[in-house]
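Student: Please go through this structure with me, one piece at a time.

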Amino acid sequence: MLMKERVVAIGIVVALSVACNRQTGKSESSSASDVRPAVDPVFPQFVPEVGLRWDVGNRVMFFPVRSKSVRGEWRGRYPRFDAPVDEMAGRVAKVISCEKDSGGHRTVGVQVEDSGKVFQGRDGRDFSLDDWAILAENYERARTMAGKTLWTGRCFPEPFDERANVRKADRSLPFPGRLQPVQVVDVMLTDESRTPLRLILTWHGAKFFTDVHYGDPGVGRQLRYFYRLQDQFLDVDPSLRWSEETIRAVRESRITIGMTSEQVLLIWGEPTEKNNTVTASGASEQWIYPGDNYLYFDNGIMTSYQSPNR
């Protein structure tokens, strides 16, 4: 996470250095009519599951357990369940019962599909049942992205070691920057609830991976842009919607007057604060970023910015 935060900080400094050399309102501008005819998106429609995952009748898929040390720490049992690790990890089960006590802790019963065995699990003070599984239907929907093309947004794909299913040690490999087309060759399940999906990608003949969440990763607003699929990637070719001028500015981490809020988020990420104003003429927003940087939007289009003189 520290590496990603440093990259984001560098991106903001670079963009600010350009912004501070321009007069407000005189920047190179993006066309307000950037949006062009829509094409079919790649992202599937995922099923909402916050608070609903353990409803009776749902099918859940348990995260695999890849680390031997973690297996040892759990003493051979799947966390919060009365089941051996190998009976649950990476498998699909149907929720057959779910009860809550006065403290809101759930006790659930699940039946593993391939073995027919029934196990029971319970929320604890240190762990939640949600830490160990997702809806199987969402994983199956995510798998439909295999073979499709995505375009990099805020993600920083890492070189992939296929044999070990981990980051490749070779740091000399170039990696795709923003708005680069990458091919999804596989979608795997991780063992991390904040990023349960691992997208295996190819770019210029090399393999990379990025771990993402398809919904709410359960982190703060400013951090969620590091995790969510729809922030890490675009599922429609930006050249079909945006001008060449806009694409060049996004790739160079430059904000310009006339950009949409979506484009600004790709460059600077989530602001620390948003202030909204609604008038008869429409909606206005003020976005505040670290270092006393203010961006102003009218109906989703950036109309001005304010940066301190340095």
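**Charged pairs and strands**

Tutor: With a relative accessibility of 27%, Asp130 counts as partly exposed. Buried means under 20% relative accessible area, exposed over 50%, and partly exposed lies in between (1.4 Å probe, protein chains only).

Student: Where do these values come from?

Tutor: This is a predicted model, in which local features need pLDDT of at least 70 and side-chain atom pairs count only at pLDDT 80 or more, while totals for chains, interfaces and linings use all residues. Residues are numbered from 1 along each chain as its sequence is written, and side-chain values use heavy atoms, with hydrogens and water left out.

Student: OK, and which residue does Asp130 meet in a salt bridge?

Tutor: Its partner is Arg53, at 3.5 Å from N to O; a salt bridge is a side-chain nitrogen of Lys or Arg within 4 Å of a carboxyl oxygen of Asp or Glu. Asp130 lies in the loop between S4 and S5 and Arg53 in the loop between helix H1 (2-19) and S1, so the pair ties together parts that are 77 residues apart in sequence. Helices (H or I, at least four residues) and strands (E, at least two) are DSSP runs, numbered from the N terminus.

Student: Arg53: buried or exposed?

Tutor: Arg53 is buried, at a relative accessible area of 9%.

Student: How many salt bridges are there in the whole structure?

Tutor: The search finds 17. Another one joins Arg198 and Asp211, whose closest N and O atoms are 2.7 Å apart. Both Arg198 and Asp211 are buried. Elsewhere, Glu49, Arg53, Arg106, Asp123 and Asp130 belong to one network, joined by salt bridges that share partners.

Student: New topic: what is the strand order in the open sheet of five strands?

Tutor: The order is S4-S3-S2-S1-S5, with antiparallel pairing; two strands pair if DSSP finds at least two bridges between them.
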